[in-house]
Amino acid sequence: MIKYLGSKRALAGAIAAGAAELGARSAADLFAGTTRVGQALRSAGLEVLSNDTAAYSEAFGQAYVAAGADVDRARIRRLLRHLQALPPVDGYVTETFCRRSRYFMPENGMRIDAVRDEIGRLDLDPVERGILLTSLLEAADRVDSTVGVQMAYLKRWAPRARNALELREPAMVAGPPGRVARADANALAPELDGIDLAYVDPPYNQHSYLGNYHVWETLVRWDAPQHYGVACKRVDCRTRKSAYNRRAPALAALAGLIEHVATPWLVVSFSDEGFHRPGEVEALLRRRGHVGAVGVPRPRYVGARIGIHDPAGRRVGTVSHLENTEHLFVCGPDRRRVERALVSISRALVRHDGAGGNPPAGRAPEGRHAAVHASHL
Ligand SMILES: C[S@@+](CC[C@H](N)C(=O)[O-])C[C@H]1O[C@@H](n2cnc3c(N)ncnc32)[C@H](O)[C@@H]1O
């Protein structure tokens with residue numbers, strides 16, 4: 001799966017365990033990103049609505065949340081073989097992301113151009129199109145020359161950039177097929193009548209996901225946008241802004257979402273590296289029902305671990321910290337179920353982390369500090 005800042009890959013199983021304990025049969029993943037959480041919820045048997053404003057997330061949603069047993073997998077494999085065998089094309093990607101910038105080696109840029117042009121010509125339904133685009137995005141991600149964000153590319157080619165682009169079939173996800181939307185989460189939230197749970201994982205700082213993943217957005221939209229700067233970002237990175245990327249609007253947006261979301265149950269996650277304080281989020285959630293939380297220590301993203309370097313490649317300065325805490329809140333109308341969900345989440349986190357990891361620190365409903373500490377379970 002694609003490199004993605006803030007991906008909840010490590011927490012997805014625990015979130016799904018908590019949702020199952022709450023008795024939820026359906027869920028909306030309102031800021032779906034990679035769709036890792038939606039996939040875990042689907043695998044746990046929930047019907048999922050996967051939503052994000054990014055076009056690339058919509059493609060992942062079609063491949064991993066919406067694709068059901070009716071997809072003709074033999075046809076998908078045939079199409080992937082056809083795409084893989086196309087002659088190279090020197091097009092937008094080669095010019096913009098290989099010559100003007102250096103995200104891919106030109107040989108791979110020309111393969112990407114050929115594959116993406118052909119996906120545009122094929123007669124596909126939305127799920128098939130999502131599967132082929134996901135295959136291309138994942139293939140491109142395996143040969144890019146970045147540290148996982150597209151604000152910049154590496155000065156020297158990453159070793160993986162020398163591998164040839166290889167299309168693979170996206171895995172089939174078990175569970176009921178769901179739906180996909182590409183909407184502002186705050187606009188969608190009041191329309192979730194009949195859905196049991198909303199998972200809320202908004203951006204947590206000033207860095208825009210569109211700016212960080214502009215190459216993926218262009219590969220999916222295929223609109224050959226004007227670009228700017230050394231990173232060759234799409235010009236609409238300047239105008240397509242999320243309220244969640246600025247401190248004051250972010251808290252107001254989160255408050256509005258929590259107030260108006262139509263689902264009885266809410267799971268909210270955010271990092272302590274971001275704008276919001278746990279107490280602020282808890283106060284917002286308390287207006288909706290009973291609240292409990294778990295704090296999960298996580299390593300910071302790879303860029304932080306590599307450190308800070310000057311243009312000559314010399315290490316300068318120090319990175320302030322290498323770990324942050326991911327907070328997971330559960331909120332809803334029944335206190336006992338919130339409590340039981342937190343226990344399930346904590347158990348699943350300990351199982352995922354193995355014997356050596358740090359146990360999550362937890363707080364019981366209504367903010368009382370109580371025993372969901374791993375060793376007490
Ligand atoms: C922290 S990431 C979510 C990561 C995701 N849970 C995962 O595991 O991959 C936040 C996501 O919110 C999306 N986003 C930003 N503003 C949004 C908005 N107003 N409505 C819906 N999605 C938004 C971004 O495109 C990004 O994918």
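This is a predicted model: local features need pLDDT of at least 70, side-chain atom pairs count only at pLDDT 80 or more; totals for chains, interfaces and linings use all residues.
## Basis

Local features are given at pLDDT of at least 70 and side-chain atom pairs at pLDDT 80 or more, while totals for chains, interfaces and linings use all residues. Residues are numbered from 1 along each chain as its sequence is written, and side-chain values use heavy atoms, with hydrogens and water left out.

## Ligand shell

The ligand is surrounded by 20 residues, a residue being counted if one of its heavy atoms lies within 4 Å. The closest are Tyr4, Lys8, Thr34, Asp52 and Asp201. By class, the shell holds nine nonpolar, seven polar and four charged residues. Here Ala, Val, Leu, Ile, Met, Phe, Trp, Tyr, Cys and Pro are nonpolar, Asp, Glu, Lys and Arg are charged, and the others, Gly among them, are polar.

## Polar contacts and burial

Polar contacts are pairs of N or O atoms within 3.5 Å. A side-chain N or O atom of Asp201 is 2.7 Å from a ligand nitrogen atom. For Ser242, a polar side-chain atom lies 2.8 Å from a nitrogen atom of the ligand. Ala185 contributes a backbone N or O atom, 2.9 Å from a ligand nitrogen atom. The protein buries 97% of the 610 Å² that the ligand exposes when taken alone (Shrake-Rupley method, 1.4 Å probe).

## Arg179

Arg179 belongs to strand S3, residues 179-181 (strands are DSSP E runs of at least two residues, numbered from the N terminus). Its relative accessible area is 51%, and Arg179 therefore counts as exposed (over 50%, 1.4 Å probe, protein chains only).

Leaving aside residues up to four places away in sequence, Arg179 touches Val48, Leu49, Ser50, Val65 and Ile195 (heavy atoms within 4.5 Å). Glu47 is 132 residues from Arg179 along the chain, with 8.2 Å between their C-alpha atoms.

Terms used. A polar contact is a pair of N or O atoms within 3.5 Å; within protein, one must be able to donate a hydrogen and the other to accept it, and residues adjacent in sequence count only if both atoms are side-chain atoms. Helices (H or I, at least four residues) and strands (E, at least two) are DSSP runs, numbered from the N terminus. Buried means under 20% relative accessible area, exposed over 50%, partly exposed in between (1.4 Å probe, protein chains only).
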